[in-house]
Amino acid sequence: MTVSLPLVFVLGLFAWGAVKFLGVRTWIVVVIALFGFWLSHTFMAPAIESGTRSGVDVVNGSHV
């Protein structure tokens, strides 16, 4: 059986788990999320996008 989950959903679960079980403060999660939005508008965004896609492809085992 194959289950497809969006990466943002998985990252959201990690953030929720960090706040709930590791005691990470909510404001830290918000600051990191805002940093991600800011970073997506820089020249590094294409490199981050391709690196993320490559990592997901490696994990999924779909080498095209």
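Colleague: Which residues make the nonpolar surface patch of about 500 Å²?

Modeller: That patch is built from V3, L5, V8, F9 and L13. Keep in mind that this is a predicted model.

Colleague: Where does F9 sit?

Modeller: F9 belongs to helix 1, which covers residues 7-21.

Colleague: And what does F9 count as, with its 43% relative accessibility?

Modeller: Partly exposed, because 43% falls between the cut-offs: under 20% would be buried and over 50% exposed.

Colleague: New topic. How many aromatic pairs turn up in a search of the whole structure?

Modeller: The search finds two. W16 and F21 make an edge-to-face pair, with 5.7 Å from centre to centre and 90° between the planes.

Colleague: Is F21 buried or exposed?

Modeller: F21 has a relative accessible area of 63%, so it's exposed.

Colleague: What about F35 and W38, how are their rings arranged?

Modeller: Their ring centres are 5.6 Å apart.

Colleague: Why are F35 and W38 separated by about one helical turn?

Modeller: Because they're three residues apart in helix 2, which runs over residues 26-39.

Colleague: Last one: what do F35 and W38 count as, exposed or buried or partly exposed?

Modeller: F35 is partly exposed, with a relative accessible area of 46%. W38 has 53% relative accessibility, so that one counts as exposed.

Technical notes. Residues numbered from 1 in each chain as written. Predicted model: local features only at pLDDT ≥ 70, side-chain atom pairs only at ≥ 80, totals over all residues. Heavy atoms only, no water. Patch = residues over 30% accessible without salt bridge, like charges linked within 9 Å, V, L, I, M, F, W, Y side chains within 5 Å. Areas by Shrake-Rupley, 256 points an atom, 1.4 Å probe, with all protein chains shown as cover. Salt bridge = Lys/Arg side-chain N within 4 Å of Asp/Glu carboxyl O. Helix = DSSP H or I, 4+ residues; strand = E, 2+ residues; numbered from the N terminus. Buried < 20%, exposed > 50% of the residue type's maximum accessible area, 1.4 Å probe, protein only. Phe/Tyr/Trp six-rings, centres within 6.5 Å; stacked < 30°, edge-to-face > 60°.
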